[in-house]
Amino acid sequence: MSAFRQMRKLSLASLATLSLVATGTAMAQATSTEESTTSASPAAADAVTLDLVGINDFHGRIAADRDSAGAAVLAGAVDQLRAENQNTLFLSAGDNIGASTFASASQEDTPTIDALGAAGLDVSVVGNHEFDKGFEDLTTRVTDRYAAATGQSGEDYALGANVYKAGTKTPALKEYAIREVGGLSVGFIGTVTEDVPSLVSPSGISGLDFGSEVEAANRVAKELSDGDDANGEADVIVLLTHNGSASADCSAIAGETTSYGDLVRNASGDIDAIFSGHTHSSYDCSIAGPDGERPIIQSHQYGTTLGKVSLNVDPTTGEVLNASSTRLPLATESADGEWTANYEASPTVAKIVEEAEAEAEVVGSVEVGKISEDILRGGDVPGADRGVESTLGNTVADIHLWATSNDDFAGEPAQIAFMNPGGLRSDLLYGEDGTVTYKAAAEVQPFANTLITFDLTGAQIREALEQQWQPEGSERSKLHLGISDGLSYTYIEDAAAGEHIQEITFNDEPLDESATFRVAANAFLATGGDNFTAFAEGANHADSGQIDLDATVNYFKAHDVVEPAPLGRAAAIDPEAPSESPSETPTESPSQTPDESPSASPSESASEDPSSDESSSAEPTQSSSSSAEPTEDSSDDSNQQDNEDLADTGFSASWIGIAAGVIVLAGIVLLLIRRFGSKAGR
């Protein structure tokens, strides 16, 4: 706790003590005696129990769906907890909207904002998905709707202390909000993951910088504790961060070398509790900060769980005497697989949800096409693993390629398309007859991304594929791209950075890495989202004039039945797998004699290397020797023996030639003697 904060609290404590002494009540004497065992404050027995209940990554799940209990039950749970303790505040760690189900997404998430407002949401940090439609949309339409739904400042539902105007340290969003409850001033600081630029379309946040969460949290915490009422003061400080751990193990979280690990360990000691999100994890931990342990919590996703942190606070000093945390599931699964809500639904919020579903049903029930079987995201549980190939990822890539290359497309036709796994938010399920509704299609790609076409070289395509293995410290180690028909590649999963991708083919031929290809991708990928910077470095980016949902609907109209794109366009290889045995490779027989080899002919040797005509014809012995090169499985000893045999053969051939020459010469001499001898006798 800062010195200013401590002095402020002690001043209040002194006033309270004087007041109690003046009354001379026995209650005051008893209080002082009881508190001496736990705190220096004489008013500790009057400690306030502050309950903080929170959600994260709600993503517009307003209707009940299995473990996601829905907005009405969520509101009912908050109502019940407030009835049990009036000193209860309801908060969110971000991503309330965006990537929403159809009932909310079809109406720009207005039903979600209205439902959370009716549920009594007190404050929220901004998440990366709040930027899906850009900064201007967030700071006008979204915050205006929150203001109307809650009666509070809409800016209190988009806190972001580490979001700055580009090139400055000027805050672009409100940094904190204060809520008064139980005689306490509770300050909420909001920060969001520094990775936002890689998670949303860059064009929508071009005027922003996302700085260090630790720096921003500590800066604002100091302001709220420095005794200067002009910059805000708080008895209790809570950090809401839209950042989190992928782990659910508290010891692992405490030691992880990520931006989030840095935040939970090094956020100011004036911060009494941390609510997190973004990674859709579920944990409640007590982790050491600069001034001792404090609660760190994340509440899963989609309203499945309500995180609860209870702080027992001395109101005269602001000291947290003790703290506890837990996670409250909002629904329970029975043995037969049925889900039952654990709290009574709020009638007010239930009505909002009912009206939203009715509105969405009209347009959502329209059939857009049929599928032959389920088309699924990656993982044993579809959608659980974004690092593996999926039929849905490849199918959507095929759809995007078709949309940017068919006869009705007016632009330069695309040749290859890519799809990011994080953009796929639901599966296409066959159901009873394979019917795909507009609602089902919309839920697969809920971001309404424009399709962009652009030029990439083959080398840039290799680079983009390599970037599936994400930079160190990223939220996920790998994001497997869906790729369109015609493109395929092999890869080594555990290779060094930059060496994963091996052979790439396009239309069954090796990819020409010096050639240029027209590529299609959604606007998120095309501008470098998810750390795929190679796409942003492409040339001649052009808006196709189509959003992903429209492209999907038109694709279904053009195809009677859509089949899932096959797996195997990306094939893992094992670099340690044994290669083919040398005996399986055709080689020249070691028993082949020199005169069976084409190189044994001096004339052929000369014709293969015109520059050595003279040496080739003059040295038949060398030519003969080279024609009998040993095969790969010959030993050094056999090589030496072959050479000695060849040398002996050449030596013998030379003597035979000399002997033959002598015999011929002797025969000629005898003929001459005989001829001339006959003439002399006449």
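Guide: A residue counts as buried when its relative accessible area is under 20%. In this predicted model, buried residues make up 47% of the 682 residues in the protein.

Visitor: How many helices and strands are there in the protein?

Guide: The protein has 21 helices and 26 strands. Its accessible surface comes to about 31,600 Å², and 51% of that belongs to carbon and sulfur atoms.

Visitor: Among contacts between residues at least 6 apart in sequence, what share joins residues at least 24 apart?

Guide: That share is 72% in this protein.

Visitor: Let us turn to pairs of helices. At what angle do the axes of α3 and α11 cross?

Guide: Begin with the general idea: an angle over 145 degrees counts as roughly antiparallel, and one under 35 as roughly parallel. The axes of α3, residues 71-84, and α11, residues 347-364, cross at roughly 165° and come within 8 Å. The two helices are therefore roughly antiparallel to each other. The crossing of α3 past α11 is right-handed.

Visitor: Which residues make the contact of α3 with α11?

Guide: On α3 they are A71, A72 and A75, and on α11 they are V349, A350 and V353. By class, the contact of α3 with α11 has six nonpolar residues, no polar ones and no charged ones.

Visitor: Why might a helix make contact through residues three or four places apart?

Guide: An α-helix has 3.6 residues a turn, so residues three or four places apart point the same way.

Visitor: How do the axes of α5 and α11 cross?

Guide: Helix α5, residues 110-118, has an axis that comes within 9 Å of the α11 axis, and the two cross at roughly 175°. That angle makes α5 roughly antiparallel to α11. P111, D114, A115 and A118 of α5 meet T348, V349, I352 and A356 of α11. The contact of α5 with α11 counts six nonpolar residues, one polar and one charged.

Visitor: Take A356 of α11. Is A356 buried or exposed?

Guide: The test is the cut-off of 20% relative accessible area. A356 has 4% relative accessibility, so A356 counts as buried.

Visitor: Which residues does A356 touch?

Guide: Leaving out residues up to four places away in sequence, A356 touches I62, A103, Q107 and P111. Distance along the chain and distance in space are separate things to read. A356 and T112 are 244 residues apart in sequence, yet their C-alpha atoms are 9.2 Å apart in space.

Visitor: What angle do α8 and α10 make?

Guide: The axes of α8, residues 213-223, and α10, residues 259-266, cross at roughly 25° and come within 9 Å. That makes α8 roughly parallel to α10. Helix α8 passes α10 in a right-handed crossing. E213, V214 and N218 of α8 are in contact with D262, L263 and N266 of α10. The residues of this contact of α8 with α10 divide into two nonpolar, two polar and two charged.

Visitor: Which residues of α17 are buried, and what covers them?

Guide: Helix α17 spans residues 548-558, and its buried residues are D548, L549, A551, T552, V553, Y555 and F556. Their cover includes the helices α12 (391-403) and α13 (438-444). The strands β16 (367-370), β18 (435-437), β19 (450-457) and β25 (539-547) are also among what covers them.

Notes. Residues numbered from 1 in each chain as written. Predicted model: local features only at pLDDT ≥ 70, side-chain atom pairs only at ≥ 80, totals over all residues. Heavy atoms only, no water. Axes fitted to C-alpha atoms, helices over the stretch in contact; angles between N-to-C directions. Helix = DSSP H or I, 4+ residues; strand = E, 2+ residues; numbered from the N terminus. Parallel < 35°, antiparallel > 145°, perpendicular 65-115°, else oblique. Left-handed = near helix turned anticlockwise from the far one by under 90°. Contact = heavy atoms within 4.5 Å. Nonpolar A, V, L, I, M, F, W, Y, C, P; charged D, E, K, R; others polar. Buried < 20%, exposed > 50% of the residue type's maximum accessible area, 1.4 Å probe, protein only. Areas by Shrake-Rupley, 256 points an atom, 1.4 Å probe, with all protein chains shown as cover.
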